[in-house]
Amino acid sequence: MKKDKKPLELSTGRKIQIKEMSIDDIDYCQDLTVIVYGEDNNVEHIKNVSKSRTAWIRHGLIGGDFKTWSTNAKGQPADSVLKELSETEKNELMTMIQEHQKLGE
């Protein structure tokens, strides 16, 4: 997978690098979120939102301004990296990773 050539920047100023994900990885991340509809076809609730966000970050983030950048056995960002991100940064990062996949290279 290719690394984004120039670092991107979150609204907090943290620089990050994301990669072009495989179709299988994109499908996996998209399929984690479950929308539950009620009898009247209105959304009752949404499940696995945090799990999906974490999956997008683990599969799409490949570097950036982190105190201790490290990866797990799968080559994905380690828990210590994700714990450095605020909730706002995680939400913004997930959106940036998703948008990057649509644009491709």
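Author: Helices (H or I, at least four residues) and strands (E, at least two) are DSSP runs, numbered from the N terminus. This is a predicted model, in which local features need pLDDT of at least 70, side-chain atom pairs count only at pLDDT 80 or more, and totals for chains, interfaces and linings use all residues. Residues are numbered from 1 along each chain as its sequence is written, and side-chain values use heavy atoms, with hydrogens and water left out.

Reader: In which helix does Glu 89 lie?

Author: Glu 89 belongs to helix H4, which covers residues 87–103. The protein has four helices and five strands, in the order β-β-α-β-β-α-β-α-α along the sequence.

Reader: Why does Glu 89 count as buried?

Author: Buried means under 20% relative accessible area, exposed over 50%, and partly exposed in between (1.4 Å probe, protein chains only). The relative accessibility of Glu 89 is 5%, and therefore Glu 89 counts as buried. Of the 105 residues of the protein, 36% count as buried.

Reader: Which residues is Glu 89 in contact with, leaving aside its neighbours within four places in sequence?

Author: Contact means heavy atoms within 4.5 Å. With those neighbours left aside, Glu 89 is in contact with Leu 10, Thr 12, Arg 14 and Glu 84.

Reader: What share of the contacts in the protein with a separation of 6 or more comes from residues 24 or more positions apart?

Author: Such residues account for 52% of those contacts.
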